[in-house]
Amino acid sequence: MGCSTFSSDDIVIKSPNDRRFYRLIRLDNGLSALLIHDPDICPDGDGASPNSTDCSDPELEGGEDADDEDNDYPGSDDFDEDEYSEEDDTDEGEEEDAQQHRSKKRESQSVASQTKKAAAAMCVGMGSFSDPYEAQGLAHFLEHMLFMGSSKYPDENEYDSYLSKHGGSSNAYTEAEHTCYHFEVKREFLKGALERFSQFFISPLVKMEAMEREVLAVDSEFNQVLQSDACRLQQLQCYTSSPSHPFNRFFWGNKKSLVDAMEKGINLREHILELFKNYYHGALMKLVVIGGESLDVLESWVVELFGKVKKGAGALSELRMEVPIWKAGKVYRLEAVKDVHVLDLSWTLPCLRQEYLKKSEDYLAHLLGHEGRGSLHSLFKARGWATSLSAGVGDEGMHRSSLAYIFGMSIHLTDLGLGKIFEIIGCIYQYLKLLRQVSPQEWIFKELQDIGHMEFTFAEEQPQDDYAAELAEHLLIYPAEHVIYGDYVYQVWDGEMIKHILSFFTPNNMRIDILSKSIDKSRASQLEPWFGSLYIEEDVPPSLLELWKDPPVTEEELHLPHRNEFIPCDFSIRSDSTNSGSSNAFYPRCIIDEPLMKLWYKPDSIFKLPRANTYFRINLKGAYDDAKSCLMTELFILLLKDELNEIIYQASVAKLETSVSFFSDKLELKVYGFNHKLPILLSTILTIAKSFLPSGDRFKVIKEDLDRSLRNTNMKPLSHSSYLRLQFLCKSFYDVDEKLHLLGGLSVADLKEFIPKLRSQIYIEGLCHGNLTEEEAIAITDIFRKNLPVQPLPNEMRHKEQVICLPSGANLVRDVHAKNKSETNSVVELYFQIGPEFGEESIRMKALIDLFDEIVEEPAFNQLRTKEQLGYVVECSPRVTYRIYGFCFCVQSSKYNPLYLLGRIDNFINGLEELLVGLDDDTFDSYRSGLMSKLLEKDPSLTYETNRFWNQIVDKRYMFDFSEREAEELRSITKGDVLSWYKTYLKQSSPECRRLSVQVWGCNTNMKDVEVEEQQPKKAVQTNIDDVIAFKMSSSYYPSFC
């Protein structure tokens, strides 16, 4: 057993509002660990002392045997697949609180706040740069294999089963130079989880039979991003980098890269064990543990469990490369999957990790990515060349490596802008010349410094395992004292360093990538092998390179930004000076209820930060009467956002955010963040909105952008299946193809004629929550009255959605081809309609649905993904569509067609009766108590609490204590109740079983298989719906609830 050679409670600089206690220790094997005592983890304030508390249950921790159930390991590379898409993928009119193909543990449910649990993370200072060239993706594969059993816990599912049984979850990701593993778990079971977790890094088995299965999971993971434009571009940048550079790799790994290596005689197991031996040692490991126990207890656990990690030779030697990453003077044109035009520019900078106190690259990113007057964004927008622009050093490991920092600019272009690429680059070099001429400005740095400081001082908490993973990464790159503060701090003003960094922004140090659907395929003779992407490599004309080096003129529109008037200076806490201890202080109360407006208000007395969230939904007259009205309302809101952009952007820099969006006939406006300047921003927004009419030039650009967005809708099969389900269920659903058809004929004159009618009558419902007094909340409503002096929209004229009532015993099927003709993934989304909410009974029904989900989620993953390897995405979850309850099973697969997938889902559902009957009382009680604890946990931040309240308002439910009521209802629910619910709503023999199967067919499947299947004898009659409109016209609907 090891011991700690260093321990300090005073190193880490934390926010004055951070109630947690931190201790840094170093073990004699070189492992560094940050221990965090969180007093809020223990109930009823028991964790107030950082050196006296033990939240664990000794009887549960000691010899708790994990059950035999398998649980999926959801490993991921956490790559943003939608970085280059302007498609929202939010289904129109959707009012669901269910998970839309995202990690279940991250989705805030309508009746429950996020949990606050214990958590841990381990960051190992080795990543994909260490892949051997002959086995690319090996570091990622190693990450997967550590989950597959250890010498002490040989059962492959021991770790995940333990977490699943005790309200936990896990994840991991592989970056260029590090690999991070993290988990969260109910507070009582932290030590048991750490016991299993620690064995990853001590004695993993890496069994050959497990490798043969897990390589399929790696391959399925890769297939999820195969049609992602962002991933395709990143891989092209890797593929075209210098052959000897670490960038020149295939970091994801797939079946081909790994199995081909084995077929060439490479012993993958030996290579994995060699990687583990060389890099998985104490000197390269950074551990973070967050618990309610005292720091002394946490330290004793870490010493006991991680002291057995082997001692290594020390930190990795710093990577150095003399060759440039990319060839100079080149343009790469890559064929896009979606209808987009993106100009991506990259400059290679030296590694700046040691200069984090200066943040010179962030100073330049602030200016190059600015969207206010005088900015590049403003210039490109005025000329109709671009719709969005971002700049800076990315967060991905490739962009922030010890080899180099990659500073990027990503510009979404219009059709006109696609033909002006060299002019756009010329303008960028004009602005860079301007920055050199005016010299770095200390006042700009001071603004960034003030914003960073206030963000740090008044930071909102994030989910525990995310926080643990973030700090574990930071231990690798920052000194221990700045493991929290490092991202926020602007401590040293160094104008000379900024000039030095500016010297790298030259044409000969620039890579140009153009991602577009409009590529000349006759010239695209080159193929990136892993994604199969077509691309063209061209030389930039030498005359242009010379011109860009020293532009002779600078556009007069370009200048430095003005001072930011939205930076707050009043951080006083209202609850310190007002009485907020009334009996209903836990929930919002209605303080205004008039024909024009209803306002809910709740002051914050819990988080005590100078932040407020003000959310509003504004019903607009006739906004959703028909498809044309819906489309014109959407255009109006997009043009309004475009008009507001410079103001909204300036406020967002000062951490006062604005969201403007469209739901049925409602404009949703959210203004949230630091509350000092919030009324000023809201007043400015409404002053513009009350009289705004679009110009012809901006109408043309935004119309083109909307056209492109509509064409890109449903390109992802998972989004497509959800869209089709809602199209089927919702009475008023305007199809994307119908909108596209109408959009072509719309003119700016049509819109100008429509807008006054839209604004002539309105109804506003809102929530003011946070650091606001009641008087301040009422003053906010006065801003609305002053700027929108119109007639109220009567209740009967406000749109209310209705949901189809599926007939008794319905077994409906909707088959469609994937929209993207190159998409290999197929999807089955099997929806069971349960019924509408009815008063107090709705709480019991929701409790039954949630408890059923709690019980079957892990077995579904275990059977359909882990054992049957159907595909990477296997999910089941409740659906609440305009307050109509349902339940969904969803599988995405690049290997099997929808008929086979549906058969396997049905087989699993049919076997659930045996599973439910076989649950012993203790296991059932564990699931029930686990769900109750989730429902009763407090929100980790003001934002989570606001969103939970807002969901109740949007759904017109107004049960702000729904989660407490549901938890109370769970006490009386028995295993027999759940079994009865299952037999009633999911067993096909029951007349109450009403189901809709939406089936999206990938390009490697044949829908003619349906015809063959139809000729086979069936156990249950299916009805294929070919004409959705006709079916809906002949159907009955539930009354509207919201």
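User: Hi! Which are the buried residues of H2?
Analyst: They are Leu-138, Ala-139, His-140, Phe-141, Leu-142, Glu-143, His-144 and Met-145. Buried means under 20% relative accessible area, exposed means over 50%, and partly exposed is in between (1.4 Å probe, protein chains only). Keep in mind that this is a predicted model, where local features need pLDDT of at least 70, side-chain atom pairs count only at pLDDT 80 or more, and totals for chains, interfaces and linings use all residues. Residues are numbered from 1 along each chain as its sequence is written, and side-chain values use heavy atoms, with hydrogens and water left out.

User: Thanks! And what do the buried residues of H2 pack against?
Analyst: They pack against strands E5 (169–174) and E6 (179–185), and also against helices H5 (208–224), H7 (255–263) and H8 (268–279). Helices (H or I, at least four residues) and strands (E, at least two) are DSSP runs, numbered from the N terminus. Contact here means heavy atoms within 4.5 Å.

User: New topic: which domains does the chain have in the assignment?
Analyst: Domain 1 is 330–458 + 484–549, domain 2 is 589–792 and domain 3 is 811–1034. Such bounds come from an automatic or database domain assignment.

User: How many residues of domain 1 are in contact with domain 2?
Analyst: On the domain 1 side there are 23 residues, in contact with 20 residues of domain 2. The area buried between these two domains is about 2000 Å², with carbon and sulfur atoms giving 55% of it. Buried area is the accessible area (1.4 Å probe) that two parts lose on being put together, summed over both.

User: Which residues of domain 1 lose the most area to domain 2?
Analyst: Asp-339, Lys-381 and Phe-458 do, together making up 31% of what that side buries.

User: How many salt bridges are there between domain 1 and domain 2?
Analyst: Five. A salt bridge is a side-chain nitrogen of Lys or Arg within 4 Å of a carboxyl oxygen of Asp or Glu. Elsewhere in your view, you can look for the side chains of Glu-646 and Arg-373, which meet in a salt bridge at 3.5 Å, N to O.

User: What about the phi of Asn-714?
Analyst: Asn-714 has a positive phi of about 70°, although it is not a glycine. Most residues other than glycine have a negative phi. Asn-714 is in the loop between helix H20 (696–712) and helix H21 (717–729), and it counts as buried at 5% relative accessibility.

User: And what is phi of Tyr-882 near?
Analyst: It is near 50°, again a positive value in a residue other than glycine. Tyr-882 lies in the loop between strand E24 (873–881) and strand E25 (884–893). At 6% relative accessibility, Tyr-882 is buried.

User: Last one: is Arg-563 buried or exposed?
Analyst: Arg-563 counts as exposed, because its relative accessibility is 52%. You can find Arg-563 in the loop between helix H17 (542–549) and strand E15 (589–593).

User: Which residues does Arg-563 touch?
Analyst: Not counting residues up to four places away in sequence, Arg-563 touches Trp-443, Glu-447 and Gln-650. The C-alpha atoms of Arg-563 and Trp-443 are separated by 8.5 Å, with the two residues 120 apart along the chain.
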